[in-house]
Amino acid sequence: MRIHADQEKCCGAGSCVLAAPDVFDQREEDGIVVVLDAEPPAALHEAVREAAAICPAATITVTD
């Protein structure tokens, strides 16, 4: 799995951080998404897919 987050589209809702805190974070100054682990272990794949699905700005792209 490989993850990409389009920071230009991010609205800073933080849903991704709540769903997968080991993979996503937010910049302090504006709340924009930061990918902490672009190739997370298999144990986190379900949480990452959930984060992508609930992102209100459809910012997260997941490729297998």
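Thr59 is in contact (heavy atoms within 4.5 Å) with His4, Ala5, Asp6, Lys9, Cys10 and Val33, leaving aside its neighbours within four places in sequence. This is a predicted model, in which local features need pLDDT of at least 70 and side-chain atom pairs count only at pLDDT 80 or more, while totals for chains, interfaces and linings use all residues. Residues are numbered from 1 along each chain as its sequence is written, and side-chain values use heavy atoms, with hydrogens and water left out.

**The loop between H2 and E4**

- Thr59 is located in the loop between helix H2 and strand E4 (60-63); helices (H or I, at least four residues) and strands (E, at least two) are DSSP runs, numbered from the N terminus.
- Thr59 counts as buried because its relative accessibility is 3%, where buried means under 20% relative accessible area, exposed over 50% and partly exposed in between (1.4 Å probe, protein chains only).
- A polar atom of the Thr59 side chain lies 3.5 Å from the backbone nitrogen of Cys10.
- Ala58 lies in the loop between H2 and E4 and is partly exposed, with a relative accessible area of 47%.
- The phi angle of Ala58 is near 50°, a positive value in a residue other than glycine.

**Strand E1**

- E1 pairs with E4 in the antiparallel sense over four bridges; two strands pair if DSSP finds at least two bridges between them.
- Arg2 has Thr63 as its bridge partner in E4.
- Leaving aside neighbours within four places in sequence, Ile3 is in contact with Val23, Phe24, Val35, Asp37, Ala38, Pro40, Val48, Ile60 and Thr61.

**The largest nonpolar core**

- This core has 19 residues, of which Ile3, Cys16, Val23, Phe24 and Ile60 touch the most other members; a nonpolar core is a set of buried Ala, Val, Leu, Ile, Met, Phe, Trp, Tyr and Cys residues joined through side-chain atoms within 4.5 Å.
- E1 (2-5), helix H1 (15-19) and H2 (45-54) each supply at least two residues of the core, and the largest share, four residues, comes from H2.

**Helix H2**

- His45, Ala47, Val48, Ala51 and Ala52 are buried in H2.
- Seen down the helix axis, the buried residues of H2 fall within an arc of 160°, so they line one face of the helix; the arc is that of the directions from the helix axis to the C-beta atoms.
- The exposed residues Glu46 and Ala53 are on the face of H2 turned away from its buried side.
- The buried residues of H2 pack against E1, H1, strand E2 (24-26) and E4.

Note on methods:
Polar contact = N/O pair within 3.5 Å; in protein donor to acceptor, adjacent residues only side chain to side chain.
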